Amino acid sequence: MIPTTLLTVQQHILEEQRRYHPEATGEFSWLLSGLTLAAKMVESRVRRAGLGDLLGSTGESNVQGETVQKLDVYANHALLWCLGKRGNVGVMASEENDSPIFVERDRHHGRYVVIFDPLDGSSNIDVNVSVGTIFSILRREPDPERKRDPLQDVLQPGVQQIAAGYVVYGSSCMLVYTTGNGVHGFTLDPDIGAFIISHENIRMPSAGSLYSVNEANANTFPEPYQRFLGALRSGQLGRSYSSRYIGSLVADFHRTLLKGGIFLYPPTRSYPQGKLRLMYEANPIAFLAEQAGGKATTGTRRILDIEPESLHQRTPLIVGGTEEMELLASYMR
Ligand code: AHM
Ligand code: MG
């Protein structure tokens, strides 16, 4: 028997479109199916990462000067290839590429911009810890003259995102996305190769009992953060906290989304502007957090309101339930 509740991510997107955008052409769902295809390709490689010659780095550095892992390269190619063939993506931008990329064939009419971190937390692969893919989708005006700088299409504030999400390659593979109508989670059923709804309309608890931060940097955080963490530890919110830090943003956020609490990557001595990237890490995570009832700030400003200046710009990122976020805001004041 086929369960009546079986709903794939593709069906879910089509139903959402029918409900909220009856005029939609189906183009957007077709674009998202490019993302799920890439995610399945990456997932199958991540599963095999301990085998063959996939472990370790290529020996090259990316534009951030970080070591490139082989799976980073594969994930980047998979996304560029799957999205580049949709026919409606005009521009793509990736953590792994210095500048945005035109999809040459669709440059004049492609209505969408997709920005992604193909394999976030990739330094965790060699030790079998969860990694993820993060994506952000923006609209784009057609460019019949083929004259516009693609960077102009990319540099839009997070509040303009029309969809965002991530895939976490963990003990199971999950896709979590929003198009501005709540946050929905799907688990890959490896037997049939489809993402099936497992977490409909996720709400982030308004308070939790976990905080997530790289505590080895704590002495170099601006003082209000140190006092805030001290307040959590001393029970100021009326409960005791435990700490959890994986070092993969997708995995740390996924836990915060489901269990509540707070994730922080404040400015540090090594990263005075924060470490995480605005366009393909903070913006999509902030959109998801807000859609689930949580908050995301730089400590003092709403992430989604930041006017971006460059593709790879960094930002502090603090994201969590309303109670923790309000307490932090009071310390920042
Ligand atoms: P990456 O995109 O190069 O993998 O780096 C981003 C990662 C995030 O996933 C994670 O939140 C952060 O770096 C961890 O940084 P740190 O090791 O400094 O705590
Ligand atoms: Mg990353």
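**View 1. One cavity turns up in this predicted model.** A search through the whole structure gives 1 cavity of 30 Å³ or more. The model is predicted, so local features need pLDDT of at least 70 and side-chain atom pairs count only at pLDDT 80 or more, while totals for chains, interfaces and linings use all residues. Residues are numbered from 1 along each chain as its sequence is written, chains are lettered from A and ligands numbered from 1 in the order in which they are written, and side-chain values use heavy atoms, leaving out hydrogens and water. A cavity, on a 1 Å grid over the protein atoms alone, is a set of points where a 1.4 Å probe fits but cannot get out, and lining residues have an atom within 4 Å of a point.

**View 2. Here's what lines the largest cavity.** Its volume is about 50 Å³, meaning the space filled by probe spheres set on the grid points, which are joined across faces, edges and corners. Around the largest cavity sit V9, I13, L32, L35, T36, F135, L175 and Y177. At least two lining residues come from each of α1 (9-20), α2 (27-47) and β8 (173-178), and α2 gives the most, with 3 residues. The lining splits into 7 nonpolar, 1 polar and no charged residues.

**View 3. Next up is the second largest pocket.** This one has a volume of about 300 Å³. A pocket is an open set of points with protein on both sides within 12 Å along at least five of seven lines. Of its 15 lining residues, Q17, H21, F28, Y112 and R139 lie nearest the centre, and the elements giving two or more residues to the lining are α1 and α2. Count up the residue types and you get 4 nonpolar, 6 polar and 5 charged.

**View 4. Three side chains hold the magnesium ion (ligand 2).** D117 (OD), D120 (OD) and E281 (OE) are its protein donors, 1.9 to 2.1 Å away; donors are N, O and S atoms within 2.8 Å of the metal (3.2 Å for Na, K and Ca). Along the chain their spacing reads D-x2-D-x160-E. That brings together D117 in strand β5 (residues 112-120) and E281 in helix α7 (residues 278-291), 164 residues apart. Both D117 and E281 are buried (under 20% relative accessible area, with a 1.4 Å probe and protein chains only).

**View 5. Two cysteines, C82 and C173, stay apart.** The structure holds 0 disulfides (a disulfide is a pair of cysteine sulfur atoms within 2.5 Å). C82 is buried at 1% relative accessible area, and C173 is buried at 3%.

Note on methods. Helices (H or I, at least four residues) and strands (E, at least two) are DSSP runs, numbered from the N terminus. Buried means under 20% relative accessible area, exposed over 50%, partly exposed in between (1.4 Å probe, protein chains only). Ala, Val, Leu, Ile, Met, Phe, Trp, Tyr, Cys and Pro count as nonpolar, Asp, Glu, Lys and Arg as charged, and the others, Gly among them, as polar.
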